[in-house]
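Work through the exercises below with the sequence and the 3D view side by side. Try each task before you read its solution.

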Amino acid sequence: MLFRSEKIYESEIKGQVRTQVYKLQLQEYTVRKKALDEAINNRLLAAEAARLKVKDDDLLTKEADSKVKPPTDEEIEDNFVRMMFSSGGNITKEHVREQLMQQFIGEARDDYFAKLRAKAGVKVLLSPPRMPVDFDPERIRGDKNAPITMIEFTDFQCPFCEQSYDVVKQLLKKYEGKVRLSFRDLPLREANGEDSEVAGKADAARCAQEQGKFWEYHDQLFENQDANGMRVFQEYAENLGMDMAKFNACLDARTYRDPIQKDLREAISLAIPGTPFFYINGIPLNGFHPLKDFDEIIEPELIRLGKQ
């Protein structure tokens, strides 16, 4: 765009609108994915029914609906109390029972269609929208040329991040050479406006990075998450053979406050709700997840890129 001979480039507004644009793209993707799933399931069901010489609906009833057990009184009571609060009291236990039954039937059908898909070797290549997010090239774990970049916004004091630490180690081993991890800081103490004048774990890890020991220090922090404070930070640095005068000076000056704050501002602009939060080639994954949930994103990505 030109205004009085001054140019405004798309890159200048990209950061301001990317979250809104992503939400619109996600809405479109959700509609397309639902239609595609229905088409796949209908085609698989029809093929299986033709093979067995039965009607589609009869097969679905036999393999899914008929295997569903009615909700128990305890399940109805638990959901009734929860739904009473959310609906403002305008609900009956019979309504809860019907909703639970429909939920159970839906889950049974999903399980049956998953079996049909596995049997047929279905591969869905519809790609979800991606959020453009910068990664830190100085804090990369894994092959720097790996086709998949997994950016993790995390906090050394977050218990869910500690759980994810173990999963991510398994993931990097499983996909060695195919996935690289990029670390971004999101210290929740600061995100909640509780910053102090004392250096924290994010500061200590950055000071370790200054001496080429970021990932070793990163591991120490997560594997001993309950330990905290200056003496602990110094002990880890000593164990890793760092220059202690340099390390202490870095902590005292809080040398890396600005980069940590930059990561924090980036997380806020992305509307990240908490930690850990991952972007896998731009595809978001929020919170702690087992390895299989990462697989469901990574495997199609490898196929899409021809790197499986």
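**Exercise 1: the sheet**

Solution. Begin with strand β6 (residues 277-280), which runs antiparallel to β7 and is joined to it by four bridges. Helices (H or I, at least four residues) and strands (E, at least two) are DSSP runs, numbered from the N terminus, and two strands count as paired if DSSP finds at least two bridges between them. The model is a predicted one, in which local features need pLDDT of at least 70 and side-chain atom pairs count only at pLDDT 80 or more, while totals for chains, interfaces and linings use all residues. Residues are numbered from 1 along each chain as its sequence is written, and side-chain values use heavy atoms, with hydrogens and water left out.

Next, look at the individual partners: Ile280 is bridged to Ile283 of β7, and Phe277 stands opposite Asn286. Two residues lie between the strands of this hairpin, where Asn281 takes a positive phi near 50°.

On its other pairing, β6 meets strand β4 (residues 148-154) in the antiparallel sense over four bridges, with Phe153 as the bridge partner of Phe277.

**Exercise 2: covered faces**

Solution. In β7, by contrast, Ile283 and Leu285 form a covered face, and Pro284 and Asn286 an uncovered one.

**Exercise 3: a helix and its neighbours**

Task: describe what the buried residues of α9 pack against.

Solution. First list the buried residues of helix α9 (residues 230-239), which are Val232, Phe233, Gln234, Tyr236 and Ala237. These pack against α7 (201-209), α8 (214-223) and α10 (244-253). Then turn to Tyr217, which touches Phe233, Tyr236 and Ala237 among others, not counting residues up to four places away in sequence; a contact means heavy atoms within 4.5 Å. Last, note that α9 is followed by Gly241, whose phi is positive, near 70°.

Technical notes:
Buried < 20%, exposed > 50% of the residue type's maximum accessible area, 1.4 Å probe, protein only.
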